[in-house]
Amino acid sequence: MDDELAGSLLDTYRLASTLEEAEQALNALEGLSYEDAQPIGDLYDELAEIAADNEDYGLATRAQRRAVELGCEKPELGREMLGWYLMKDGQRAAGEAEFDALRREGGDDPELLMMLGGARADAGDERAALAAYDEALVAAKELGDAWTIDRARVERRFSRQELGLLEDEDDRLALRPLDEPARPEEASFAVSWFPRSEHTAAIDKWPELEEDLTNADRYCRRIEDHLRELATASGQRPSVAPLTVKELTAYSESEGLDPSGGGTRARLAAEMNRRGQTISWPPGRNELCWCGSGRKYKRCCGR
């Protein structure tokens, strides 16, 4: 009986015409046992993001709190987002308290401090946001990770620009913003990547790729790590070349190459980059992730 009722409530949630109706369906779903369905905590996490996108931060806060309490896929990120939504809902002290608790538990992690800066900026306090970005940069330098240092520099530079501050040395060392035109002397390069929709076809065609492509999120995370390594080593922003099995097969046949080889994929990625058929990377923290998960970058590969 629980499975039947849960299925009905899940349908109500998915087909809800209003956010309130969706929330009521999830509230009713709590406590029921059911199989082959997304965990209730993750459903609340999903609802919180949808509510935030619709600027209903009261609902976003309620849903995110339940996601944290019931257990969501990324609990630490869930708590960070709860702090963010509380600030957007006008509950600044409560939001700051959430971030303070995370800092006490995990120390001054630069990623956490950048999230705090983003939350403060989104709540309209750019001066406090800059203070968090300053702390994030200090923590990143202590950590010694070049990619994290540059991420902190980029966030900090944008905040300083918003406040009308003059450029300093760390601003000059940050990677060029995505909306700034590329300089002619900068080399442009792309990393090959199979979109999620191509994984089944690619494995059928080249079974040796099964280990790489079976777990889509893990595969995209490896590509993200590679992009970061390249950006750190070169000081430039690579782009992402979304390969299709059909195009890779045709290209390899026309060039007399092995379609399963990494070198062939790299050559096609370079050709796609010349044609302007690549995806800019990285997206903004509040933009959809480049990997096609449907999640925002900060909730997906950006973490």
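Colleague: Which residues in H2 meet which residues in H3?
Modeller: From H2, Leu19, Ala22, Glu23, Leu26, Asn27 and Leu29 meet Ile40, Leu43, Tyr44, Leu47, Ile50 and Ala51 from H3. Contact means heavy atoms within 4.5 Å. By class, the contact of H2 with H3 has ten nonpolar, one polar and one charged residues. Here Ala, Val, Leu, Ile, Met, Phe, Trp, Tyr, Cys and Pro count as nonpolar, Asp, Glu, Lys and Arg as charged, and the others, Gly among them, as polar.

Colleague: What are these numbers based on?
Modeller: This is a predicted model, where local features need pLDDT of at least 70 and side-chain atom pairs count only at pLDDT 80 or more, while totals for chains, interfaces and linings use all residues. Residues are numbered from 1 along each chain as its sequence is written, and side-chain values use heavy atoms, with hydrogens and water left out.

Colleague: Back to that pair. At what angle do H2 and H3 pack?
Modeller: Helix H2 (residues 19-29) and helix H3 (residues 40-53) pack at about 165 degrees, and their axes are 11 Å apart. Axes are lines fitted to C-alpha atoms, for helices over the stretch in contact, and angles run from 0 to 180 degrees between N-to-C directions. H2 and H3 are therefore roughly antiparallel to each other. Under 35 degrees counts as roughly parallel, over 145 as roughly antiparallel, 65 to 115 as roughly perpendicular and the rest as oblique.

Colleague: And H14 with H15, roughly parallel or roughly perpendicular?
Modeller: H14 and H15 are roughly perpendicular to each other. The axes of H14 (residues 245-255) and H15 come within 10 Å and cross at roughly 105 degrees.

Colleague: Which residues meet there, in H14 and H15?
Modeller: Glu247, Leu248, Tyr251, Ser252 and Glu255 of H14 meet Thr264, Arg265, Arg267, Leu268, Met272 and Arg275 of H15. The residues of this contact divide into four nonpolar, two polar and five charged.

Colleague: Zooming out, how many helices and strands does the protein have?
Modeller: There are 15 helices and two strands. Helices (H or I, at least four residues) and strands (E, at least two) are DSSP runs, numbered from the N terminus. The C-alpha atoms fill a box of roughly 60 × 60 × 30 Å along the principal axes.

Colleague: What share of the residues is buried?
Modeller: Buried residues make up 47% of the 303 residues. Buried means under 20% relative accessible area, exposed over 50%, partly exposed in between (1.4 Å probe, protein chains only). As for contacts between residues at least 6 apart in sequence, 55% join residues at least 24 apart.

Colleague: Why is H5 called largely enclosed by the rest of the structure?
Modeller: Because eleven of its 14 residues are buried. Among them are Arg79, Glu80, Trp84 and Tyr85. What covers the buried residues of H5 includes H3, H4, H6 and H7.

Colleague: What comes after H5?
Modeller: H5 is followed by Gly90, which has a positive phi near 85 degrees.

Colleague: H6 next. Which of its residues are buried?
Modeller: Gly95, Glu96, Glu98, Phe99, Ala101, Leu102 and Arg103 are the buried residues of H6. They pack against H4 (57-70), H5 (75-88), H7 (110-122) and H8. H6 (residues 92-106) has 15 residues and reaches 21 Å from its first C-alpha to its last, close to the 21 Å expected at 1.5 Å a residue. The expected span is 1.5 Å times one less than the number of residues. Just after H6, Gly107 takes a positive phi of about 80 degrees.

Colleague: Some single residues. Leu137, buried or exposed?
Modeller: Leu137 is buried, at a relative accessible area of 4%. Leu137 sits in H8 (residues 126-143). Not counting residues up to four places away in sequence, Leu137 touches Ile149, Ala152, Arg153, Arg156 and Asp170.

Colleague: And what does His199 touch?
Modeller: With residues up to four places away in sequence left out, His199 touches Phe194, Leu213, Ala216 and Tyr219. His199 belongs to H11 (residues 199-205) and is buried, with a relative accessible area of 6%.

Colleague: Last one: where does Gly302 lie?
Modeller: Gly302 is in the segment after H15 (262-275). Gly302 is buried, with a relative accessible area of 1%. Leaving aside neighbours within four places in sequence, Gly302 is in contact with Glu111, Arg151, Arg228 and Tyr297.
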